[in-house]
Amino acid sequence: MQTNAAVVRDVNQLTVETVELDAPKANEVLVRVRAAGVCHSDLHNMRGELRLTPPFVIGHEGAGIVEAVGSSVTRVKPGDRVLVNWLPADGTCPTCLSGHPNLCERFAKTTFQGWLPDGTSRLKTLDGVQLKHLLSAATMSEYAVIDQASAIPFPADVPFEVAAIIGCAVATGVGAVINTARAQAGSSAAVIGCGGVGLSAIQGCKLAGCHPIIAVDVLDRKLEFARQMGATEIVNAKQVDVVKTLRALTRVGPDYVFDTVGSATTIPQALQAAGPAGTVVVAGLHAAKIDVPISAGALIFADKRLLGSFAGSIRPQIDLPRLVELYRAGRRQLDALITKRYPLAEVAQAFADMEAGVVARGVLLFE
Ligand SMILES: [Zn+2]
Ligand SMILES: [Zn+2]
């Protein structure tokens, strides 16, 4: 069949074009996409900063309706609403079995290279050039073929746009707090960076019962979003010294610092700012290619912990349905996280707005 999709033909070359999409194989599902989240990881991939090389169909956050299923599919059926999990773990490798399906051993050769879990593609251009599927998802397309492990069903009272962002930004931010740090109620927390992941981490801190919850960013607009999401204090890193201010607000430094920027500036800052026996969690993919000098003394003499969090350390099959239920129970403010909606044709504008920091989270909506 044919579908309109956002295609990265070469590094930094994004076009919307009609492409060919093959039918799902035995373990796969054809989804009519209704919403796709716009995420920084898409940009990193478009710029060639991660492992994926073009050409590929972009997008990894999405939600839609199952149109057709392959012969071996048991998890979903046509008509089901599904959100896209871009971590389609095999569930059988030693890493999955040890409770870390976000680190499944299959991803290196498949998902991170832009293949479906069986190592192949269902996408090609009209002139026959094979296209990869970004993160086994390729959701910025009217239709997508995904593995059944990527299809997480959700109830009809959850809007597609909300379901779409649960699969990535929300899971990464909340997961960093709940799964990676296991933050305790009553502890103090700071979140550096107030994009989609940072705002979700703030909500995760609220869910965990942290207080105070301090948001740090360089844009006042984003700090206002942070306040709406539950931050009790806001700090503009352009105006004050972040380390001193975080210490002043918590007497000795926060119990937890969540760094969703992950730069050579913020990681050492986070480590310095964390209080005695404090925990620093580095989340988000910005840090993928940098080396950061850290003070080993800060770790040893103050008993600090420096943790990495990949996709919020989530176990997708358990945690994504759980995040959906928390939203339904009114425990998550996900509607407010989405501040702008775009048709597929305006995908380039959606990325520009994200970079300019004028949206909390943008989503593409499909008819
Ligand atoms: Zn595995
Ligand atoms: Zn994402």
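User: Let's settle terms: buried means under 20% relative accessible area, exposed over 50%, and partly exposed in between, with a 1.4 Å probe and protein chains only. On that scale, is cysteine 93 buried or exposed?

Analyst: Cysteine 93 counts as buried, because its relative accessibility is 8%. Bear in mind that this is a predicted model, where local features need pLDDT of at least 70 and side-chain atom pairs count only at pLDDT 80 or more, while totals for chains, interfaces and linings use all residues. Residues are numbered from 1 along each chain as its sequence is written, chains are lettered from A and ligands numbered from 1 in the order in which they are written, and side-chain values use heavy atoms, with hydrogens and water left out.

User: Great. Which residues coordinate the zinc ion (ligand 1)?

Analyst: Asp90 (OD), Cys93 (SG), Cys96 (SG) and Cys104 (SG) coordinate the zinc ion (ligand 1), at 2.1 to 2.3 Å. Donors here are N, O and S atoms within 2.8 Å of the metal (3.2 Å for Na, K and Ca), and sites may look incomplete because water is not among the atoms.

User: And why is the arrangement around it called tetrahedral?

Analyst: The four donor atoms around the zinc ion (ligand 1) subtend angles of 94 to 120 degrees, which makes the arrangement tetrahedral. The cut-off for four donors is that all angles lie between 85 and 135 degrees; four count as square planar and six as octahedral if opposite donors are over 155 degrees apart and all others between 65 and 115, and anything else is irregular.

User: What spacing do those donors follow along the chain?

Analyst: They follow D-x2-C-x2-C-x7-C. Helices (H or I, at least four residues) and strands (E, at least two) are DSSP runs, numbered from the N terminus. Cysteine 104 is buried, with a relative accessible area of 3%, and cysteine 96 counts as buried at 10%.

User: Switching to the other zinc, which protein donors does ligand 2 have?

Analyst: The zinc ion (ligand 2) has Cys39 (SG), His60 (NE2) and Cys168 (SG), lying 2.1 to 2.2 Å from it. Their sequence spacing is C-x20-H-x107-C. Cysteine 39 lies in the loop between β3 (28–37) and α1 (40–46) and histidine 60 in the loop between β4 (56–57) and β5 (61–69), so this pair ties together parts that are 21 residues apart in sequence. Cysteine 39 is buried at 5% relative accessibility, and histidine 60 is buried at 0%.

User: With those cysteines around, how many disulfides does the structure hold?

Analyst: Zero, where a disulfide is a pair of cysteine sulfur atoms within 2.5 Å,. Cysteine 210, for instance, is in no disulfide; its nearest cysteine sulfur, that of cysteine 205, is 4.5 Å away.

User: New topic: what does β14 pair with?

Analyst: Strand β14 pairs in the parallel sense with β11 (residues 189–192) over four bridges, and β14 also pairs in the parallel sense with β15 (residues 279–283) over four bridges. Two strands pair if DSSP finds at least two bridges between them. Alanine 190 has valine 257 of β14 as its bridge partner, while tyrosine 256 stands opposite threonine 279 in β15.

User: Which way do the β14 side chains point?

Analyst: Within β14 (residues 256–259), Tyr256 and Phe258 point one way and Val257 and Asp259 the other way, and all are buried.

User: Nice. Why would you call α4 largely enclosed?

Analyst: Eleven of the 13 residues of α4 are buried, so the helix is largely enclosed by the rest of the structure. Among them are Leu199, Ile202 and Cys205.
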